[in-house]
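Colleague: I would like to learn how to read charged side chains in a model. Please give the general idea each time, then the case here.

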Amino acid sequence: MLSQSLEGKRVKIICTDGEEFEGIVSDYIFPDDNEPEGIAAIDIEDCPQRPGLCIGFNEDEIESIEVLG
């Protein structure tokens with residue numbers, strides 16, 4: 001689901017707990033670099049739901065991800 005090709009794109013994320021976030025993917029974290037989880041992750045910025053913050057999501061926390069226009 002997650003890949004490095006998402007970097008720089010605006011996305012809409014629906015989390016497994018139902019929360020929704022929009023933002024620009026600022027970083028893709030490879031599973032080997034994401035300790036101790038060992039799974040892929042992304043960070044997003046420019047998120048209206050959390051202004052001024054960079055928010056991280058592990059792949060197992062994401063129900064769906066959609067690239068926006």
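Modeller: Start with exposure: buried means under 20% relative accessible area, exposed over 50%, and partly exposed in between (1.4 Å probe, protein chains only). Arg 10, with a relative accessible area of 28%, is therefore partly exposed. This is a predicted model, where local features need pLDDT of at least 70 and side-chain atom pairs count only at pLDDT 80 or more, while totals for chains, interfaces and linings use all residues. Residues are numbered from 1 along each chain as its sequence is written, and side-chain values use heavy atoms, with hydrogens and water left out.

Colleague: How many salt bridges does a search of the whole structure find?

Modeller: A salt bridge is a side-chain nitrogen of Lys or Arg within 4 Å of a carboxyl oxygen of Asp or Glu. The search of the whole structure finds 3. In one of them, Arg 10 pairs with Asp 46, and the closest N and O atoms are 2.6 Å apart.

Colleague: Which parts does the pair of Arg 10 and Asp 46 tie together?

Modeller: Strands (E, at least two residues) are DSSP runs, numbered from the N terminus. Arg 10 is in strand E1 (residues 10-15) and Asp 46 in the loop between strand E3 (41-45) and E4, so the pair joins parts 36 residues apart in sequence.

Colleague: What does Glu 20 form a salt bridge with?

Modeller: Its partner is Lys 12, with the closest N and O atoms 3.5 Å apart. Glu 20 is partly exposed at 41% relative accessibility, and Lys 12 is partly exposed at 24%.

How values were computed:
Helices (H or I, at least four residues) and strands (E, at least two) are DSSP runs, numbered from the N terminus.
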